[in-house]
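Here are my notes on this model, point by point. Please read them with the structure open.

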Amino acid sequence: MSALPILCFHNVAVAPADARFKLLYVSPERFERQLWALRRMGLRGVSAGEGLARLRNGTSRGCVALTFDDGYADTLSVAAPLMKRYGCSATCYVVGSALGAYNRWDAELLGERKALMSREQLDQWLAAGMEIGSHSWTHPHLQQVPAQEAWDEIAESRVALGTMLGIPVEHFAYPYGHYTPQTVELVRRAGYSSAVTVVPGVARSSDDCLLLPRILVDGEHGLWRFLLRLAGAYRHRPDPTRGAA
Ligand SMILES: [Zn+2]
């Protein structure tokens, strides 16, 4: 059975000294060491689209999907040049209503405003060979909003982003990683070909493509922990095709 680790990043930047959730930050130096380590392991960073296409046709071996949530400006200014240097591609899940603005959904909780990519910066991201997915229109808790609103967040963000950027938007990331059977059904009806959660694990070809697990990468733990997580992800979910050990 094919497998695909999907890594999940937020900010690639040095965490401010007073940041409340430093786990959301990976420093540029650490990020580069992670890319270096992937290359040393014979792994290549790919977009969700390429990785999942390969997962389906059995050629995902040696690939790791790199994904970034929220669409921070540092994803373009810091992470993208490093990924290009290492020959990697990636997917960024953006919040359609917040382009060029800041993280309105959690700025108060985090105590910091973080700049998000503008429409023009998304064009630069695409021009660098990267991919864009939707992370909803306003980053709500989808399970807490009325069904029509959830539909607009999921389906309308796909249409609006696609029209704005002139590309098909095929991939979705659940805000806060939260989902219910109802939200998954809306994502299915909206026509997305994949959706990622924050359930830890490695994606397998037998998975529901709208409930894909990811490996959260944080800045608090060193390279060794990063590699262990990558390796350990393969053990998180037993392979049902194998007999009990
Ligand atoms: Zn998010």
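**Notes on the fold**

1. Among contacts between residues at least 6 apart in sequence, 65% join residues at least 24 apart. Two residues are in contact if their C-beta atoms, placed from the backbone, lie within 7 Å.

2. This is a predicted model: local features need pLDDT of at least 70, side-chain atom pairs count only at pLDDT 80 or more, and totals for chains, interfaces and linings use all residues. Residues are numbered from 1 along each chain as its sequence is written.

3. The protein has eight helices and twelve strands. These are DSSP runs, numbered from the N terminus: helices are H or I with at least four residues, strands are E with at least two. The C-alpha atoms fill a box of roughly 45 × 40 × 35 Å along the principal axes.

4. Of the 245 residues, 42% are buried. A residue is buried if 20 or more other C-beta atoms lie within 10 Å of its own, exposed if 12 or fewer, and partly exposed in between. The largest nonpolar core has 63 residues. Such a core is a set of buried Ala, Val, Leu, Ile, Met, Phe, Trp, Tyr and Cys residues joined through C-beta atoms within 7 Å. Ala65 and Ala195 are among those with the most contacts inside it.

5. Which residues of helix H2 (residues 48-57) are buried? They are Ala48, Gly51, Leu52 and Leu55. Seen down the axis of H2, they fall within an arc of 95°, so they line one face of the helix. The arc is that of the directions from the helix axis to the C-beta atoms. Ala65 touches Ala48 and Gly51, among others. Gly58 follows H2 and has a positive phi, near 80°.

6. Strands S9 (residues 171-173) and S10 (residues 194-200) pair in the parallel sense over three bridges. Pairing requires at least two DSSP bridges. Phe172 stands opposite Ala195 in S10. From S9 the chain crosses through helix H7 (residues 181-189) to S10, and this β-α-β crossover is right-handed. With the strands pointing away from the viewer, a right-handed path from the first strand over the helix to the second runs clockwise.

7. S10 also pairs with strand S12 (residues 212-216), in the parallel sense over two bridges. Pro200 has Arg214 in S12 as its bridge partner.

8. Ala173 lies in S9. Ala173 counts as buried because it has 28 C-beta neighbours inside 10 Å. Its contacts include Asp69, Tyr93, His135 and Ala195.

Conventions. Lists of a residue's contacts leave out its neighbours within four places in sequence.
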